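Open the model in your viewer and keep the sequence panel beside it.

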Amino acid sequence: MHRVLGDRRAIALLLGPALLVYSLIMLVPMVWSLGYSFTKGNTIDGFTGNGVANFSRLLDDPAVHDALWFTLKYAVVVTAGQVVAGYLLALLYVFFLKRASALIRTLVFFPVVLPTVAVGLLFQKFFQVAPQTGPVNSVLNAVGIDSVDFFGSAGSVFWVLVVMDIWRSMGFYAVLLFAGLLDIPEEVLESARLDGATGLALVRHIVLPLSMPVLMSSLVFSVNGTLKVFDSIVALTNGGPGNATTPLTLYMFQTSFTYGDYGYGSTIALLLTVVCLLVSLVVYRVSRRDLTEG
């Protein structure tokens with residue numbers, strides 16, 4: 001194996017096909033999209049160069065500012081919810097349910113494999129106020145509270161989105177973090193227990209530091225997924241009411257394919273790419289610093 005890994009031709013032969021496919025699927029479209037950001041038009045009317053006009057428009061576009069703010073707010077709240085809920089479930093699996101956790105893991109993971117459209121329709125029915133009162137409003141009515149139009153205001157529909165996406169994906173992060181917790185040596189846990197560490201003290205001083213690498217990986221997965229949210233928004237609100245729940249991905253899609261402005265849509269896509277790279281870099285640097293200090 002050492003001889004193979006030391007041979008540059010062998011490395012090129014092993015990595016070459018994968019790098020070629022990755023370049024054709026990922027890198028070439030990114031460069032192509034970057035080129036489109038300096039143009040105006042579409043495939044029907046043709047493309048004409050317009051320099052940096054799209055970038056100037058991006059800076060002054062209030063719709064971009066609103067979409068960026070919603071994207072960042074959504075990413076922070078949902079990422080925190082997904083990772084925290086997943087970690088608490090993983091702790092439940094390992095330290096309380098133990099071998100009996102298989103059924104619970106399966107049930108909690110089940111929403112992950114459901115189609116996003118089906119989940120969106122489920123939550124629409126769950127929180128609807130008309131023509132039929134949904135279960136949530138039925139409970140509110142039962143305790144003497146008037147029905148709430150959850151999809152009629154930006155504040156309430158945001159939290160419906162948050163609840164839906166945390167419920168839909170926490171099973172994935174629970175399994176991911178569960179695997180990380182299983183890698184913690186049992187001898188370390190037993191030694192800590194003999195020294196008097198139990199409950200929250202055990203989790204805080206032993207389990208949490210040792211599970212930090214997989215926790216940071218989960219954080220990177222989650223933040224990149226939430227920054228690029230698209231399907232759940234379209235399934236539940238389609239960006240409404242108004243543009244209150246329109247993220248950068250949906251605004252980019254509407255600009256490119258609804259209004260036929262591929263150049264400006266590519267500029268919005270470039271902004272989203274830069275945001276994802278910067279956030280991932282920050283998370284990576286913070287995680288490296290924490291691991292080094294640990």
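The tour starts with the ground rules and then goes from one selection to the next.

This is a predicted model, in which local features need pLDDT of at least 70 and side-chain atom pairs count only at pLDDT 80 or more, while totals for chains, interfaces and linings use all residues. Residues are numbered from 1 along each chain as its sequence is written, and side-chain values use heavy atoms, with hydrogens and water left out.

**Helix H2**

Select residues 8-36, which make up helix H2. Helices (H or I, at least four residues) and strands (E, at least two) are DSSP runs, numbered from the N terminus. Now centre on Ser 23, where H2 has a kink of about 45 degrees. The bend is the angle between axes fitted to the seven residues ending at a residue and the seven starting there.

**The hairpin**

Next, select residues 39-42 (S1) and 46-49 (S2), two strands that pair in the antiparallel sense over four bridges; pairing requires at least two DSSP bridges. Three residues lie between S1 and S2 in this hairpin. Lys 40 stands opposite Thr 48 in S2.

**Ser 232**

Go to Ser 232 in helix H12 (residues 231-236). Is Ser 232 buried or exposed? Ser 232 is buried, because its relative accessible area is 0% (buried is under 20%, exposed over 50%, partly exposed in between, with a 1.4 Å probe and protein chains only). Beyond neighbours within four places in sequence, its contacts include Asp 165 and Arg 168 (contact means heavy atoms within 4.5 Å).

**Salt bridges**

Stay with those two: the side chains of Asp 165 and Arg 168 form a salt bridge at 3.3 Å, N to O (a side-chain nitrogen of Lys or Arg within 4 Å of a carboxyl oxygen of Asp or Glu). Both residues are buried. They are three residues apart in helix H8 (residues 154-182), so about one helical turn separates them.

The whole structure has four salt bridges. Select Asp 261 and Arg 57 for another, with closest N and O atoms 2.9 Å apart. This pair links distant parts of the chain, 204 residues apart: Asp 261 is in the loop between helices H13 (248-258) and H14 (262-293), and Arg 57 is in helix H3 (residues 53-60). Asp 261 is buried at 12% relative accessibility, whereas Arg 57 is partly exposed at 39%.

Terms used
Expected span 1.5 Å × (residues − 1).
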